[in-house]
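The structure under discussion is shown below.

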Amino acid sequence: MPQDRPGLIGYDKFWETVVSNGVLKADPNIGPVLKVSEVLSERVRKAFTRPQYRPMALRIIDGLAVHRLTTGGDIYVPVGPTAEELRDTLCLYQPGIEDMGGDPEADLLSLVQTVLRETIRTVNGQFISKAADTEQYFLDLKKDVDYDAQVEKRADVLSNDALDRAYYSAIRQLMERTDETSYVTGHQIWQYQIEWQDRRVERNGYLFFGAPNDRPTAQPERDFYIYFIQPFEPPRFRDDQKADEVFFRLKNPDDAFRRHLSFYAAAQDLASTASGGAKSVYLDKAKDALRDMSKWLQEKQMSAFEVTYQGKSKALQEWTKGVSLREKARLGPEERINFRDVVNAISGLALNNQFGEVAPEYPRFSALVTESNRKQLIGNALRVLAGANRTKDAVIILDGLEMLDGDRIDPTQSRYALEILNRLKAKGHGQVLNRSELISGDAEVECFAPIKFRLEPDLLAVVLGGLVYSGDIVLAVTGDKIDSSKITALAERPLDELKQFKHVEAPKEINVAVLRSLFEVLGLPPGLAQQATQGSDEPVKLLQEEVGKLTKRVLSSSHDMSGRLSFWGQALLREDEIRDWRSKLDGLKAFSESLAPYNTVGKLKNLRIGSDDIVAQSKNLDVLKSVEAMLDLIADLGSVAAYLSQAEMVLMPDHPWVKQAQEVRKQLLDKLASDRTAQHAGEYRQTLAKLKKDYIAAYIAQHSRARLGVAEDKNKASLRKDPRLASMRTLMNVSLMPTSQLTGYEDKLEKLKSCASLLESELSATPMCPHCSFKPANEQGDMLPAANVLKQLDEELDRLIDGWRQTLLDNLEDPTIQENLDLLKPTARGLVQAFVETKSLPDPVTGDFASAIQDALSGLEKVNVGSDDIKAALLQGGSPATPEDLRKRFEAFLNDRCKGKDTSKLRFVVE
């Protein structure tokens, strides 16, 4: 059993049994299969191009051989297993399938199909066939064509003309022109582009297979012609040494190249007449030969090819001395230079000066402009002129056309723009410059200023767009005229429409009266308008600064108006007023933004506003000033109003100052409702300041009344340590004592707070004392002077201690308790008898005394009764009630509390 794979045994294993039996070779139904299987297996072992899959290929061959013996004695019948059947019966286990990432079932089927194709290719299509109708693969014992021999045979009889045709076919693929239709029917000529390396832009020309005298008349004429001359039967022609022609000749094809080319030509020829599997075999062989030719060219092209330019012929390697072809071909470090890259780079080197002579002042770009990216780059440049964000693509075009001054767009620095302005100026006042006066040439090869610039219409459209942007021209297109106020049309209109513009005209003159009014309403000197008519840039600069400031002011006020236009808890504007003011601010914003594009003197000529617009915006500007004034007033007085709002909640609702504040608030809000310009801000400020001052005086008065001063605080501390209070705390251990009286007393004492630190200046920042947080509104009951309360508590303490003393005496005189005294220890009995005799509490009241009293009164039971309990009992049955009813209800209440107890030992304590 194999250790590295499951022990799956397929029917291909039976073929080992057949091969090992030499007798079977003589069997007419087995021998031919044995012979074919041996040929196929040997070829796969030696030439299979994917070694990792060779075991699968050999297994399939063995499996097809076994299957060939199962067809009922007819070993030539075209039947066999499909690829799916081979997958499921022979190739079910294949290491690595689970790592392919897809569905294992589909991945394994794809691999089986690939191995079948590679096997057929390896054996040149011999002995294995595929039934087109059933997709079954089988050993075709009579399919013994030697395709290599057929190709070699055909290659031996090829003519030089056939080799030249094959050479062109190969070059066409290497030059990547297989998918393009020739420019002229019946000729191998194509429109082609190579890079003008000095200017980083592609030029248009023609690629031709043949000599100049064979070339058709290709119209229109373009910038260059690249010729590949036939190598085996070179034509006779006269080289006129033209500056726009480059010739490539294969001068030293060695035997290896001839063999590859002959095989390629022969295989292509045989494939053209073959069909089915044979056609595929020949095409594969042609592909292999082409790959071998490409490899040969990759290795030998520098010495094998000769390039001729203006009568001078040099090998490729001589053209490239001191030049990096990879750099010229703009290839990355991982990219491989191919034949087409070499041809383009060498052609560009040869034609570089010619391009410069034809268009000496053509733009120089910072990145390569190709036929494929040209439209995108130019479109982005036009969008930037129309107001979009600047992109790298746009900068490539704008900078190449000399329309950038740092980060600023300034077409007047461009030689191309100046040429247009000079031509327009030469036409005279009121005249237009037609398209035909700017662009010349055939329809497909039009250009501007062909002697100097040779600028294409799409680049000219960008220059014209720049002049529209600066306000120096108006561009007439189909159905419209684009000036600086309609600059967005540069991005909205198709490029082809802009290229077909009608004419260029100068903008109108500046309207001085309107401009004076505009400067005046924006707070600028009206005289600046006259300076603008004289070409000064300073008025434009100042105008744009003010426009920018105005736009920011409008945006800020619009944002703040709905959320911050409230004062002392009330909105200052009605909803309809807010809508009206917001509408006016929106109009002012639109007006301000519409002035932003007029950033040059030229653009001011296209200013599309009138005196009525300025009058309307002057009113909107007044609204803006009102909003700003009210916002400033709220910002100024808002903190005071917030302070006063808090102050209202600090004092008692019925305090005179609260009523005063409410009246002032109403009066102030009524004035603000009619004062939309906040012109009485000083008066409002004084009113609020006085109200705040009155509050501070009122608060300090109440604070002084409700808080203990320094002297009173000392009295409070003394009272806490008073011996009377200490005696009561000790007597709390006697169960009959009404302890709630002591707790209530101590609570009242603790509620008396001391604060002598408050300063008037501290109340300027916060409406409550920062030391004790005194808030009259939270005080319960009458706010008696704290000093008086303290005096009352002193007197109350006398009453409490005397009441507790009398309670103890009354209970100790009870006959029942008298009997208990004899049971006390002598010391405890002495303490109690001394108290009873003197009727005065000992000084101090000790714990021993309290314990003795508790022991003496231990026979009594304390019953706590709350005032609410008594009230509930008396009201049971309703009110009003007769004296007899109340007496009965109270007796019932007492009887309930005494139930089951010895009443002589009960002592009720009313809490």
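Contact here means that heavy atoms lie within 4.5 Å. The model is predicted.

## Helix 8 and its surroundings

Helix 8 spans residues 255-273 and contains 19 residues. From its first C-alpha to its last it reaches 27 Å, close to the 27 Å expected at 1.5 Å a residue.

The buried residues of helix 8 are F257, H260, L261, S262, Y264, A265, A266, A267, L270 and A271. Their cover includes helix 6 (147-156), helix 7 (160-174), strand 6 (245-250) and helix 9 (276-304).

## Salt bridges

Side chains of opposite charge can pair when their charged atoms come close. The whole structure holds 42 salt bridges. In one of them, R87 pairs with D88, and the closest N and O atoms are 2.8 Å apart. R87 is buried, at 9% relative accessible area, whereas D88 is partly exposed, at 42%.

A salt bridge also joins D458 and R374, at 2.6 Å from N to O. Because D458 belongs to helix 16 (residues 457-469) and R374 to helix 13 (residues 374-385), this pair ties together parts that are 84 residues apart in sequence. D458 is buried, with 10% relative accessibility, and R374 is buried, with 7%.

E746 and R729 form a further salt bridge, their closest N and O atoms being 2.8 Å apart. E746 lies in helix 29 (residues 739-751) and R729 in helix 28 (residues 723-731), 17 residues apart. E746 is partly exposed at 26%, and R729 is partly exposed at 36%.

Key
Residues numbered from 1 in each chain as written. Predicted model: local features only at pLDDT ≥ 70, side-chain atom pairs only at ≥ 80, totals over all residues. Heavy atoms only, no water. Helix = DSSP H or I, 4+ residues; strand = E, 2+ residues; numbered from the N terminus. Expected span 1.5 Å × (residues − 1). Buried < 20%, exposed > 50% of the residue type's maximum accessible area, 1.4 Å probe, protein only. Salt bridge = Lys/Arg side-chain N within 4 Å of Asp/Glu carboxyl O.
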